[in-house]
Amino acid sequence: MEALRQLAYTLYESGYLPEMFQYGFLTNALVAACIMGPLLGALGPLVVVKRLAFFSEAVGHGALTGVAIGILLGEPATQPLVALFCFCTLFALLLHWIKSRTDIPYDALVGVFLSFAIALGAALLLYVAKRVNVHILENVLFGSILTVRDMDILVLLIIAVFSVGLLLYSGNRALLASLSPDLARTRGMSVRLYDYAFVLLIALVTVASVKVVGAILVGALLLIPATAARLISRNGREFFWYSVVFSTFSCLLGILLPMAGTLPIPSGAAIVMIASACFLIALGIRRWRSIQ
């Protein structure tokens with residue numbers, strides 16, 4: 001990371017990069033965006049196909065509680081990683097376990113867990129706010145490029161490598177298990193195993209992205225680029241790659257634009273607004289195609 005920061009500063013001094021690249025934290029944020037954007041974009045189509053958009057929102061809001069628990073247990077307020085990962089992983093696995101053993105509609109069950117996560121997170125955060133700077137909590141909610149550290153990038157990179165390896169090894173089978181569970185079972189595949197693996201993956205990726213996008217908005221970045229891609233894609237390959245492009249573009253532009261315009265907008269809010277603009281453009285393209 002230090003080499004990347006030094007390279008960016010050298011290019012800035014040489015006049016090849018704008019003034020904002022003199023700051024090392026921007027290099028950290030851009031590296032995180034280059035990892036996070038393609039990763040969330042790659043997982044987004046499966047989230048849309050499996051109809052887990054509401055689930056990813058619930059896990060994101062569960063991150064609030066994880067952060068508060070970490071601070072209460074003595075972890076650094078800016079990096080309560082252990083409590084964050086443990087709580088969100090257990091939260092996601094418990095939700096899916098209950099779903100597989102009850103007849104409660106999935107959206108209703110997720111709504112119950114989401115409400116619980118918000119209520120518990122709000123209660124704990126109000127208590128924690130007396131002990132830490134309130135701006136730290138704002139960064140958790142909405143993301144901030146100022147708080148991205150080398151450790152955050154390392155965690156994100158490890159999860160990205162694990163996710164890509166998993167997708168390359170069993171991506172097609174996971175897609176089959178999502179689209180046609182009965183056919184997958186006839187081929188001897190464990191649909192439940194793939195479901196749990198995907199749920200765990202969503203939880204890990206969501207938690208790793210909280211620093212940049214924020215707990216409240218990270219679910220939107222899984223959903224919006226993939227939904228936009230689905231509007232204009234003609235096949236599965238286009239669906240995947242459009243989603244990756246939209247997500248990566250949103251991450252990069254959402255970080256650079258506020259810095260370039262010196263706008264006091266959290267990085268998470270800017271990223272999601274750019275993704276929403278991509279969705280509107282895709283909607284326009286879909287409408288234009290239907291008229292032709």
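Which residues line the second largest cavity? The model is a predicted one, in which local features need pLDDT of at least 70 and side-chain atom pairs count only at pLDDT 80 or more, while totals for chains, interfaces and linings use all residues. Residues are numbered from 1 along each chain as its sequence is written, and side-chain values use heavy atoms, with hydrogens and water left out.

The lining consists of Ala32, Val148, Asp152, Ile153, Leu156, Ala208, Ser209, Lys211 and Val212. Helix H7 (150-179) and helix H10 (210-213) are the elements that each give two or more residues to this lining, and H7 gives the most, with three residues. Helices here are DSSP runs of H or I with at least four residues, strands are runs of E with at least two, and both are numbered from the N terminus. By class, the lining has six nonpolar residues, one polar and two charged. Nonpolar covers Ala, Val, Leu, Ile, Met, Phe, Trp, Tyr, Cys and Pro, charged covers Asp, Glu, Lys and Arg, and the others, Gly among them, are polar.

The volume of this second largest cavity is about 40 Å³, and a search of the whole structure finds two cavities of 30 Å³ or more. A cavity is a set of points on a 1 Å grid over the protein atoms alone where a 1.4 Å probe fits but cannot get out, and its lining residues have an atom within 4 Å of a point. Grid points are joined across faces, edges and corners, and the volume is the space filled by probe spheres set on the points.

Next comes a helix pair. The axes of helix H2 (residues 24-49) and helix H9 (residues 191-208) come within 11 Å and cross at roughly 140°; axes are lines fitted to C-alpha atoms over the stretch in contact, with angles from 0 to 180 degrees between N-to-C directions. On the H2 side the contact (heavy atoms within 4.5 Å) is made by Leu39, Leu40, Leu43, Leu46 and Val47, and on the H9 side by Phe198, Leu201, Ile202 and Val205. These residues divide into nine nonpolar, no polar and no charged.

His96 lies in helix H4 (residues 81-100). His96 counts as buried because its relative accessibility is 7%, where buried means under 20% relative accessible area with a 1.4 Å probe and protein chains only. Leaving aside residues up to four places away in sequence, His96 touches Tyr106, Asp195, Tyr196 and Val199.

Overall, the protein has 13 helices and zero strands, and buried residues make up 50% of its 292 residues.

How values were computed:
On a 1 Å grid over the protein atoms alone, a cavity is a set of points where a 1.4 Å probe fits but cannot get out, and a pocket is an open set with protein on both sides within 12 Å along at least five of seven lines; lining residues have an atom within 4 Å of a point.
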